[in-house]
Amino acid sequence: MSSCFETLSDYGLRSLGYGERLLPKADITLCEQFVLIGSGMIWNIYFAVLALLLGFFFATVLALGKNSNLSLFSAPCRLFIFIFRGSPLFIQFFFAYDLFVLIPRLGFDIDLGFLVVTVETRWLTKAWLGALIVLFFNTSAYAGEIFYGALRAVPSQDLESADAFGFTEIKKFKRIIWPTMLRLAWPSYTNEAIFMFHATTLVFFTGFPAWQQKGDAIYYASYFADKTFNPFVPYPIVGFYFILLTLLIIGLFGLINRRLNKHLPTNERKRLRFNKYNLVR
Amino acid sequence: MFSYCVDPKSIEGLMWLSCYVTTAKHMSFYFSFLVVMGLLSLAAPLAMAFGFAGATASRSSFKIIRSVGKGYLAMIRGIPDIVFFLFIPIALDQAFEYLRHKVLCSDVTVPIRQGNDFVVCAAAKLPLNTASEWVHDIYGFSLALLAFGFVFGAFAGNVLSGAMAAVPKSQIETGEAYGFSQSQIFRRILIPQMWIYALPGLSNLWMILIKATPLLFLLGIEDIVYWAKELGGIKTGVYEYPHPDWRAWYFGVLMIFYLSLTYLSQSVLDKISARLSQGQATMAGKAG
């Protein structure tokens with residue numbers, strides 16, 4: 001019977017491939033379940049944080065594109081948003097994985113001038129890159145639609161005043177449109193971020209293999225549920241971790257929301273609370 | 001299917017294709033699309049029932065019922081739905097078998113949980129070992145359906161409780177002034193007026209329900225994802241219809257299926273919303 005500290009050092013980074021190689025098989029303790037599932041959370045956080053960070057910028061581009069008067073820009077953005085919002089993420093994962101598998105296993109050299117990066121297409125079939133790309137496209141589409149809605153809701157008087165002050169288009173976008181868009185979109189975007197974290201749990205149930213049993217939280221939870229034939233311990237542990245994570249996101253996004261609303265008189269500030277109509281994506 | 005399909009290796013081109021897409025396994029694949037539609041048509045009313053119960057409970061004047069209702073509506077925000085989809089069917093299965101074991105085999109004293117095993121007597125098994133294949137299928141589907149109802153009930157409950165809160169206070173107060181009882185106010189005023197507020201959320205929910213149907217695969221149901229994987233995989237020469245890895249094509253078909261389903265739903269929902277907004281004192285209701 002090892003102590004919980006030993007378990008922590010054995011399995012704390014198991015999802016990344018460090019520590020004990022074999023997963024616990026018999027006499028599974030509560031501590032082992034907590035540590036290993038917590039270790040899996042590293043992947044959930046990795047996927048969601050990177051997808052959201054990259055997706056934030058791409059979503060802004062998509063929203064501006066969709067809002068464009070030129071159909072050359074707006075049509076592809078509309079199509080992109082429609083495809084990724086209109087089909088299930090689960091199918092997107094399968095589809096993307098099977099496409100990535102078909103791509104010949106080549107290496108590309110990208111010459112950045114100061115260094116040459118070798119990109120290997122076989123990385124695409126690994127979860128850390130392939131699934132990340134799917135999640136990135138998915139969150140970009142959802143956030144793009146949210147930003148587009150907010151963009152349409154920017155008050156026209158604000159734009160007129162900017163014109164009256166002789167702002168250039170770039171300055172108008174930087175100082176007026178973008179901050180207002182973010183402020184209006186923020187509650188829905190918070191919601192999207194929470195659901196992005198939840199969506200990461202799908203990764204290892206689709207084509208992407210968990211190589212050497214390096215999986216995410218729910219991968220280990222279902223492993224334990226299979227081994228112990230008792231779902232009443234591992235799944236509540238996953239639930240516990242995700243509730244903590246959700247509270248953390250709400251706190252963090254709430255701080256940003258405060259900053260975005262700083263210039264408004266206190267009675268006009270929107271407190272960040274869930275809009276019950278827009279709860280889900 | 002067709003008479004010329006007896007020896008598929010000797011034919012080519014369109015004839016080969018027509019034989020290929022009408023094999024028995026492909027028929028199961030097509031049938032699984034109907035399973036998805038069946039799930040949608042059953043899960044939607046079930047989720048509404050769960051949601052209505054949850055929303056009503058969260059407004060109850062009894063503290064215990066209220067906190068149960070609020071907890072039910074809140075849990076879906078913090079915990080990924082996949083956790084529930086994995087947890088609920090197996091938990092329900094064990095709960096049913098446990099109860100049946102207690103009732104049917106009360107003379108057995110061996111504990112049910114033996115280390116890593118869950119052992120119930122043969123008579124308590126669900127479905128019975130002797131049951132035919134379709135009983136197992138129906139049982140698995142029902143557990144999946146309950147999981148969908150439970151999860152989407154929590155989503156629907158959030159929408160409905162928001163809609164109930166959006167009904168103007170003065171309407172309720174008018175009911176009170178006329179001497180309506182609480183249940184009369186609920187039935188005659190609150191419920192009829194909340195639907196217009198609930199519609200956007202419920203439309204949204206319908207779209208999410210459509211997009212959640214492939215998760216049936218996680219519950220061990222032979223659904224469209226299962227068949228797409230099965231049929232698309234590499235078939236070597238030992239098979240009647242050998243072909244390379246076609247999974248991407250099959251999942252491409254599923255993408256198109258879901259995109260058309262959501263597109264169609266969206267246009268129908270837009271029409272309904274336009275219809276219901278007519279004459280309402282909202283921005284959408286005022287003729288342009």
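Me: Why are helix H2 (residues 24–57) and helix H8 (residues 224–232) of chain B called roughly antiparallel?

Reply: In this predicted model, the two helices of chain B pack at an angle of about 160°, with their axes 8 Å apart. Angles run from 0 to 180 degrees between N-to-C directions, with axes fitted to C-alpha atoms, for helices over the stretch in contact, and angles over 145 degrees count as roughly antiparallel; H2(B) and H8(B) are therefore roughly antiparallel to each other. Residues are numbered from 1 along each chain as its sequence is written, and chains are lettered from A in the order in which they are written. Local features need pLDDT of at least 70 and side-chain atom pairs count only at pLDDT 80 or more, whereas totals for chains, interfaces and linings use all residues.

Me: What makes the contact of H2(B) with H8(B), and how do its residues divide?

Reply: Two residues are in contact if their C-beta atoms, placed from the backbone, lie within 7 Å. H8(B) contributes B:Ile224, B:Trp227 and B:Leu231, while those from H2(B) include B:Phe29, B:Phe33 and B:Val36. The residues of this contact divide into six nonpolar, three polar and one charged, where Ala, Val, Leu, Ile, Met, Phe, Trp, Tyr, Cys and Pro count as nonpolar, Asp, Glu, Lys and Arg as charged, and the others, Gly among them, as polar.

Me: What makes up the side of chain B that touches chain A?

Reply: The contact between the chains takes 40 residues from chain B and 35 residues from chain A. H9(B) gives the most to the chain B side, with 10 residues, and that side divides into 25 nonpolar, nine polar and six charged residues.

How values were computed
Helix = DSSP H or I, 4+ residues; strand = E, 2+ residues; numbered from the N terminus. Parallel < 35°, antiparallel > 145°, perpendicular 65-115°, else oblique.
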